[in-house]
Protein chains: 2
Amino acid sequence: MVNYPNGKTFTQLNKVTSESKKEINLKASFSAANRGMNLEENINISNEYYLRKGIALITKRPTPINVVKVDYTNGKRIIDAYFEKQSTTDYNGVYKRRYVDFEAKSTRSKTSFPMANICKHQITHLKNVLSFGGLAFFIIQFERYNEVYFLDASYVIDFYENGSRKSIPYESVKLNGTLIKQGFSPRLDFIDAIDNFYCLD
Amino acid sequence: MVNYPNGKTFTQLNKVTSESKKEINLKASFSAANRGMNLEENINISNEYYLRKGIALITKRPTPINVVKVDYTNGKRIIDAYFEKQSTTDYNGVYKRRYVDFEAKSTRSKTSFPMANICKHQITHLKNVLSFGGLAFFIIQFERYNEVYFLDASYVIDFYENGSRKSIPYESVKLNGTLIKQGFSPRLDFIDAIDNFYCLD
């Protein structure tokens with residue numbers, strides 16, 4: 001992991017190529033990421049890395065939107081629409097020929113991950129994924145600790161259905177999950193967590 | 001395959017339960033489907049069947065929409081947005097633990113399937129799927145014949161990259177693809193086509 005205490009040091013460079021500029025921006029943004037990381041953005045950038053390196057193909061499902069009215073007079077512009085509830089999960093893809101499906105959630109709580117963050121449809125969907133032999137899990141970020149955990153869906157499903165509490169204690173996530181390594185590239189190495197958790201050919 | 005020459009025969013029933021009403025609607029709509037089938041709708045309904053029967057889990061990716069402006073005064077309403085190009089494909093999911101990814105396209109041509117229907121991003125995406133060991137294919141409907149074909153992505157990719165023509169002749173689709181069985185349930189048995197084409201455990 002590369003640490004850059006502040007972005008300003010980069011400005012000391014006199015000549016920068018377009019490529020190194022891009023690199024600098026990436027590093028600066030990684031540095032910024034450590035101060036209140038945007039989980040979704042970091043997963044997306046990690047996915048680009050995995051694809052580029054031929055490791056895995058993971059895509060984000062677009063947010064479902066119900067289009068009510070389209071104006072064709074000015075190009076093809078949507079002028080009335082509303083967000084629909086995601087009935088599945090945010091991400092899916094393929095790793096080592098296997099189907100991968102997961103939901104990423106973030107919490108500002110220091111003590112637990114609130115189950116209210118997960119809707120019933122998503123639990124049903126992930127149960128289905130497991131029943132079809134897919135890999136199903138959650139990526140859970142504890143913002144205050146800047147920690148991101150991999151947690152197999154079966155644990156969360158069991159907690160959702162049989163748990164007496166309405167949130168998974170932080171300590172339980174720590175114990176049953178895997179801390180995802182953070183770095184420059186990939187930002188969040190959740191494939192490493194998959195490798196550690198599942199035995200894949 | 002069950003044939004229902006016209007939907008009116010169902011109205012002869014005197015007493016119908018809510019369940020049988022639903023069944024009737026399905027049958028009537030199946031009957032209607034034969035006269036200008038909506039490909040997407042039929043795939044979606046087939047996917048519901050596969051899920052219900054524990055055969056496969058296939059979901060449709062929502063249409064990607066770029067939201068420009070949201071009005072919060074009246075609930076949370078999108079008042080300016082536009083459609084983005086789908087950079088991947090319409091459908092993906094899991095069958096026999098394997099990742100499945102496909103694009104569904106329809107043509108009114110009687111002689112060929114125009115490659116203009118497929119964008120470069122989709123070809124790139126399906127090449128990636130194949131390289132990661134996923135199953136990648138197209139479902140191509142020839143509306144005028146009411147025929148729907150399963151066609152492995154590798155054939156389409158090869159044609160896209162090396163073909164001298166800008167469309168795949170109907171006869172080539174017939175020869176290299178698999179005619180998908182149509183029925184009441186599932187409407188389009190593309191899983192059967194997968195079974196016939198790939199050797200899965």
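A:Pro186 lies in the loop that runs between strand 10 (178–179) and helix 6 (190–197) of chain A; helices (H or I, at least four residues) and strands (E, at least two) are DSSP runs, numbered from the N terminus. The model is predicted, local features need pLDDT of at least 70, side-chain atom pairs count only at pLDDT 80 or more, and totals for chains, interfaces and linings use all residues. Residues are numbered from 1 along each chain as its sequence is written, chains are lettered from A and ligands numbered from 1 in the order in which they are written, and side-chain values use heavy atoms, with hydrogens and water left out.

**Backbone features in loops**

- The peptide bond from A:Ser185 to A:Pro186 is cis, with omega near 0°.
- In chain B, the bond from B:Ser185 to B:Pro186 is likewise cis, with omega near 0°, and B:Pro186 is found in the loop between strand 10 (178–179) and helix 6 (190–197) of that chain.
- A:Lys96, a residue other than glycine, has a positive phi near 50°; A:Lys96 is placed in the loop between strand 4 (91–95) and strand 5 (98–107) of chain A.

**Relation of the two chains**

- The same surface serves both copies, since 100% of the contact residues of chain B recur in chain A (contact: heavy atoms within 4.5 Å).

**The sheet shared by both chains**

- Four strands form an open sheet in the order 2(A)-3(A)-3(B)-2(B), with antiparallel pairing (two strands pair if DSSP finds at least two bridges between them).
- Strand 2 (65–71) of chain A and strand 2 (65–71) of chain B stand at the edges with a single partner strand each, so one side of each has no neighbour in the sheet.
- Within chain B, strand 2 and strand 3 (residues 77–83) pair in the antiparallel sense over six bridges; B:Val70 has B:Ile78 of strand 3 as its bridge partner.
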